[in-house]
Amino acid sequence: FQGGDTCEYLLSSGRFLGEKVWQPHSCMMHKYKNSEAKNCLIDKHVVFIGDSRIRQLFYSFIKLINPQVKEEGIKHGNIPFEDKSASIKVDFLWYPEVNGSMRQRIKSWTEGSVAKPHIIVVGAATWSIKIHNGSNEALAQYKINITSIAPLLEKLAISSDVYWVLQDPVYEDMLSESRKMITNEKINAYNEAAVRILNSSSRNSKAKVKVFSVSKLIAQETIMKSADGLHLPESSRDTNAMILMNVYCNKIMKPIDGSCCQPQPPLTLIQKIAFCFFTLSIIGYLIISLIHRNNYRKNKSCSDLESGEEKKPSISTPNVSTLEMLLHCFCKLGLIMTYFYLCDRANLFMKENKFYTHSSFFIPIVYILVLGVFYTENTKETKVLNREQTDEWKGWMQLVILIYHISGASTFLPVYMHIRVLVAAYLFQTGYGHFSYFWVKGDFGVYRVCQVLFRLNFLVVVLCIVMDRPYQFYYFVPLVTVWFMIIYATLAVWPQIVQKKANGNCLWHFGLLLKLICLLTCIYFLSYSQGAFEKIFSFWPLSKCFELNGNVYEWWFRWKLDRYVVFHGMLFAFIYLALQKRQMISEGKGDPLFSNRVSNVLLFISIVSFLTYSIWASSCKNKTECNELHPSVSVVQILAFILIRNIPGYVRSVYSSFFAWFGKISLELFICQYHIWLAADTKGILVLIPGYPMFNVLVSTFIFVCVAHEISQITNDLAQIVVPKDNSTLLKRLLCIAGFFSGLHFFSAMQDQSRH
């Protein structure tokens with residue numbers, strides 16, 4: 001709203017999410033690991049100057065570098081710390097009062113002969129209050145002393161990061177008799193003096209001493225848990241140390257989930273070209289619209305006075321209408337991509353960390369379930385996994401996944417394991433749907449392949465350009481794309497076996513099963529041979545698509561996690577279509593899928609299997625071990641759900657139009673959430689309306705769903721233009737697309753060279 005520096009917000013304001021999670025105002029705070037802290041502070045010298053409270057902060061800070069450090073040493077003396085592996089020096093200097101001694105030490109760093117520390121953290125006052133029994137004379141002397149030190153700190157702030165830590169409030173009821181004079185009223189007076197005097201003489205914004213006032217807010221919430229009423233509990237001082245680390249390191253390390261203190265990334269060459277393209281599209285569309293409007297006015301139908309007939313306006317040529325439609329799509333897409341960029345690349349809107357509670361996940365789940373049941377309608381057909389039913393399935397799964405992401409429920413292992421099944425179910429549908437199409441239709445033409453690839457990848461390619469992200473970052477789209485190509489290759493290679501051919505000779509069924517066994521063998525081999533997998537996808541140009549952070553490990557992990565489920569989908573489709581062809585199942589309206597006895601037995605087994613999997617997933621203790629079992633057992637719950645949903649005829653005959661509507665745009669919803677619903681590449685939450693979390697979610701969700709729906713329409717419109725049915729025209733378009741990606745690769749190489 002104010003366009004202020006997020007560093008100022010990080011140092012001065014925020015609130016607690018729950019009991020221990022601190023949320024800075026307007027930005028996200030990264031939780032630094034030891035290795036990250038060392039990389040940031042390599043060859044750095046950090047100095048903490050002050051009293052016992054600053055000593056506490058010193059210990060919390062060095063524990064971020066080395067957690068094994070114990071709080072030992074002279075209480076009222078200097079304490080050195082050094083990490084030789086990273087050449088990091090952190091010193092605590094005991095100066096409990098702002099006086100001549102402290103001034104002399106600070107002055108020594110301003111003189112040329114002594115090396116200046118890179119980070120200086122200063123703060124003191126409670127000793128002055130205690131020693132002088134809270135007298136007004138002590139406060140007056142404190143003002144004089146800090147006035148003499150302020151110019152020296154400002155001078156140091158030109159080349160170093162200097163932080164003045166304001167005094168935290170105390171819990172007066174717990175203070176010992178010797179500290180009773182330290183009151184919150186006195187502390188506030190000392191803090192006001194420090195804030196008023198510091199930076200009063202500085203006109204250079206780079207020479208400002210940063211006032212660390214956020215610790216006061218943290219202390220107000222947690223000082224009641226203090227052991228003595230004066231010193232903060234360990235969790236609070238650890239939060240202060242983490243804030244300090246974010247203030248200094250975020251601009252160096254640039255963590256995705258640490259938006260505080262990070263400058264806006266500069267526009268890349270490809271982003272600038274995309275901006276120019278969308279701008280020209282908008283201008284072109286406006287010009288054509290004005291021309292058409294003028295032509296329409298000139299040729300507007302008018303009544304023939306003699307005959308009374310109405311003259312029809314002239315019809316535009318097809319070429320013009322196609323061009324107008326193309327420009328119209330790119331015009332809308334350009335405006336939408338501008339919104340994407342403003343939400344997640346420009347520092348325009350606020351971002352916040354996620355915080356999981358059971359209510360934040362389960363209450364919305366119950367709410368959408370009630371809505372879904374309310375919008376129940378009859379299906380047009382009653383086949384197993386008919387179009388309306390699969391759209392419904394995709395829809396409710398996508399809504400659950402969205403709630404899972406925004407609530408941060410990945411930290412709760414039982415929920416994580418169930419969400420993994422939902423992702424697997426999407427891939428199961430990929431195997432089922434594409435196998436069914438190729439098996440029944442026998443259409444292996446280039447047009448079909450290009451249509452599917454375009455619809456899957458169009459939005460992701462545009463986002464890779466506009467948001468400057470690698471293709472593998474949107475991992476689900478590469479996953480379904482590769483599996484589609486595997487399904488196509490499996491069925492299209494010689495001998496091509498389709499249902500029509502297999503009906504003439506049953507041996508062809510065995511031929512298809514042999515193909516599926518070969519596919520399963522390849523999957524099994526690659527899943528246990530990481531080296532072979534990485535070699536395949538490390539060849540250019542595949543490496544450009546599947547590398548993330550310089551390697552393809554992430555891609556191997558994602559592929560391996562659901563490696564068998566697409567095969568299971570293909571096998572299920574084969575068995576189902578074979579049973580359907582031999583009329584071994586009943587798909588009439590209201591009829592059970594099998595005989596009553598068989599249906600009841602299968603339904604009972606399905607319910608037991610479904611619940612057994614949920615019990616197992618809920619009892620998971622180790623994510624790694626459960627992920628190892630997941631590829632083999634996830635199909636149990638998927639098949640159980642399909643049978644429960646389809647065996648009873650009355651259940652198969654209805655569907656939720658509410659869920660089905662979302663299912664039709666499920667891919668767009670999954671991809672768009674990265675940048676315009678969540679924030680910082682899904683690590684946080686986008687805040688359009690600060691201070692009102694529920695209202696913010698409602699507004700951002702409405703915009704997010706509208707944008708996803710609009711992008712779905714744009715993709716469908718462009719697919720008709722870019723991928724025509726005529727083979728010769730399609731070949732020309734494919735050559736143009738190849739040229740586009742060649743140019744993209746050329747500019748990408750230029751970008752990489754300029755960065756290095």
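Is Asn549 buried or exposed? In this predicted model, Asn549 is exposed, with a relative accessible area of 74%. The residue sits in the loop that links H20 to helix H21 (553-561). Its phi is positive, about 60 degrees, although Asn549 is not a glycine. Lys254 is another non-glycine residue with a positive phi, near 50 degrees, and it belongs to the loop between helix H9 (234-253) and H10.

Two loops also carry cis peptide bonds. One of these bonds runs from Trp494 to Pro495, with omega near -10 degrees; Pro495 is in the loop between helix H16 (476-492) and helix H17 (499-504). A cis bond also joins Trp540 and Pro541, where omega is about 5 degrees. Pro541 is placed in the loop between helix H19 (530-537) and H20.

At the level of the whole chain, there are 29 helices and 13 strands. The C-alpha atoms fill a box of roughly 100 × 80 × 50 Å along the principal axes. Of the 756 residues, 50% count as buried. Among contacts with a separation of 6 or more, 78% are between residues 24 or more positions apart.

In soluble globular proteins, nonpolar side chains tend to be buried together. Here the largest nonpolar core has 136 residues, and those with the most contacts inside it are Met337, Phe340, Trp393, Tyr474, Phe476 and Ile638. Helix H14 (residues 413-441) gives this core its largest share, 17 residues. A second, separate core has 46 residues, including Val46, Ile54, Ala241 and Cys249. Returning to Ile638, its contacts beyond four places in sequence are with Trp393, Val421, Ala424, Ala425, Phe428 and Val565.

Helix pairs come next. The axes of helix H18 (residues 507-527) and helix H22 (residues 565-581) come within 11 Å and cross at roughly 170 degrees. An angle over 145 degrees counts as roughly antiparallel, and H18 and H22 are therefore roughly antiparallel to each other. On the H18 side the contact involves His509, Leu512, Leu513, Leu516, Leu519, Leu520 and Ile523, which meet Phe567, Met570, Leu571 and Phe574 of H22. By class, ten of these residues are nonpolar, one is polar and none is charged.

The pair formed by helix H2 (residues 34-41) and helix H3 (residues 52-65) has axes that come within 6 Å and cross at roughly 100 degrees. H2 and H3 are therefore roughly perpendicular to each other. H2 contributes Asn34, Ala37, Lys38 and Leu41 to the contact, while H3 contributes Phe61, Lys63, Leu64 and Ile65. These residues divide into five nonpolar, one polar and two charged.

The buried residues of H29 are Leu730, Leu744, Ser748 and Gln751. Their cover includes helix H10 (269-298), helix H15 (446-466) and helix H20 (542-546).

A last stop is Ser599, in helix H23 (residues 596-618). Ser599 has a relative accessible area of 3% and is therefore buried. Beyond four places in sequence, Ser599 is in contact with Pro592, Leu593, Phe594 and Ile647. Thr521 is 78 residues from Ser599 in sequence, and their C-alpha atoms are 33 Å apart in space.

Definitions and conventions: Residues numbered from 1 in each chain as written. Predicted model: local features only at pLDDT ≥ 70, side-chain atom pairs only at ≥ 80, totals over all residues. Heavy atoms only, no water. Axes fitted to C-alpha atoms, helices over the stretch in contact; angles between N-to-C directions. Helix = DSSP H or I, 4+ residues; strand = E, 2+ residues; numbered from the N terminus. Parallel < 35°, antiparallel > 145°, perpendicular 65-115°, else oblique. Contact = heavy atoms within 4.5 Å. Nonpolar A, V, L, I, M, F, W, Y, C, P; charged D, E, K, R; others polar. Buried < 20%, exposed > 50% of the residue type's maximum accessible area, 1.4 Å probe, protein only. Core = buried A, V, L, I, M, F, W, Y, C linked by side-chain atoms within 4.5 Å.
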